[in-house]
Amino acid sequence: MNIDFPPPSNGVYNNAGSSRRLFNYLEHEDLERMEKGIYTEGFFNLTEENLYKSQVVKDIDNNKAQLLKTDAKFYAIHISPSAKELQTMGTTEQEQAEAMRRFVREVFIPEYAKNFNKGLSAEDIKFYGKIHFDRDRSENNENNMHCHIIVSRKDQSNKIKLSPLTNHRNTKKGAIKGGFNRTNLFEQAEKGFDKLFNYPRQLDVSFEYYNTMKNGSIIDQIRMQERM
């Protein structure tokens, strides 16, 4: 399971203005699929599906109270299951899409909210997801289902600022309280996926293993190898 936060840029991921450009980009696959007579997935949130782009753009763009013109208004997140994880999620595109929505709603967004250490729940997070089935980047034209999430900088009440890109972690004092631990989010989301779908993950393909071997001390790496 690969989860990442594309950095804001001057292009499609420019998050200081309207979200329309990014939502337009997320619809690019729909036109190709409709031309081929293949079903498409609309935008979804915690409780609704098949939402129209005009509705979600308006909702994200209007949720920016007290943010400056140059402030981030939203953030993008990518969630890409591995080929083996996709097999666990279903045998058809529809089954896999439904499983992805379950994962986002029941695991990822609750963990995302919890990770701010502000007592937030999934219901406090304003987000919209879009599932893609892009086959262009995969070998043998295989399914490459993944999910894009656009999450508002402000919570549902439009009062609390939330940044998953902050380097603060559970701070108690100062102007910024709470923070965000991306490493913890990736680890908990993976564990939640395994529990939700009864996925028998091997240690050597876990985030814990990858993170330890990349960022851990020599001692931690040796201990991790001994667990294999």
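Residues are numbered from 1 along each chain as its sequence is written, and side-chain values use heavy atoms, with hydrogens and water left out. Because the model is predicted, local features need pLDDT of at least 70 and side-chain atom pairs count only at pLDDT 80 or more, while totals for chains, interfaces and linings use all residues.

Helices (H or I, at least four residues) and strands (E, at least two) are DSSP runs, numbered from the N terminus. Two strands are taken as paired if DSSP finds at least two bridges between them. Strand β1 (residues 2–4) pairs with β2 in the antiparallel sense over 3 bridges, and D4 stands opposite H78 of β2. Strand β2 (residues 74–80) in turn runs antiparallel to strand β4 (residues 146–152), the two being joined by 6 bridges. Within this pairing, I77 has I149 as its bridge partner, and A76 stands opposite I150. Strand β3 (residues 127–132) is also antiparallel to β4, again over 6 bridges; here the partner of K130 is H148.

Burial was assigned from relative accessible area (buried under 20%, exposed over 50%, partly exposed in between; 1.4 Å probe, protein chains only). In β2, 6 of the 7 residues are buried. S80 belongs to this strand and is partly exposed, with a relative accessible area of 25%. In β4, 7 of 7 residues are buried. In a regular strand the side chains alternate between the two faces of the sheet. In β4, H146, H148, I150 and S152 point one way and C147, I149 and V151 the other way, and all are buried.

Helix α5 (residues 93–114) contains 22 residues, which at 1.5 Å a residue should span 32 Å, and its end C-alpha atoms are 30 Å apart, in agreement. The expected span is 1.5 Å times one less than the number of residues in the helix. A bend of about 40 degrees is found in α5 at V104, the bend being the angle between axes fitted to the seven residues ending at a residue and the seven starting there.

A search of the whole structure finds 1 cavity of 30 Å³ or more. On a 1 Å grid over the protein atoms alone, a cavity is a set of points where a 1.4 Å probe fits but cannot get out, and lining residues have an atom within 4 Å of a point. Grid points are joined across faces, edges and corners, and a volume is the space filled by probe spheres set on the points. The largest cavity holds about 60 Å³ of space. Its lining consists of F5, P6, P8, Y13, N15, F74, Y75, A76 and L165, and divides into 8 nonpolar residues, 1 polar and no charged. Ala, Val, Leu, Ile, Met, Phe, Trp, Tyr, Cys and Pro count as nonpolar, Asp, Glu, Lys and Arg as charged, and the others, Gly among them, as polar.

Q66 lies in the loop between α3 (53–61) and β2 and is exposed, at 72% relative accessibility. N158 lies in the loop between β4 and β5 (169–171). M224, in helix α8 (residues 218–226), is buried, with a relative accessible area of 4%.

Conventions: 1 Å grid on protein atoms, 1.4 Å probe; cavity = no way out; pocket = protein on both sides within 12 Å on 5 of 7 lines; lining within 4 Å.
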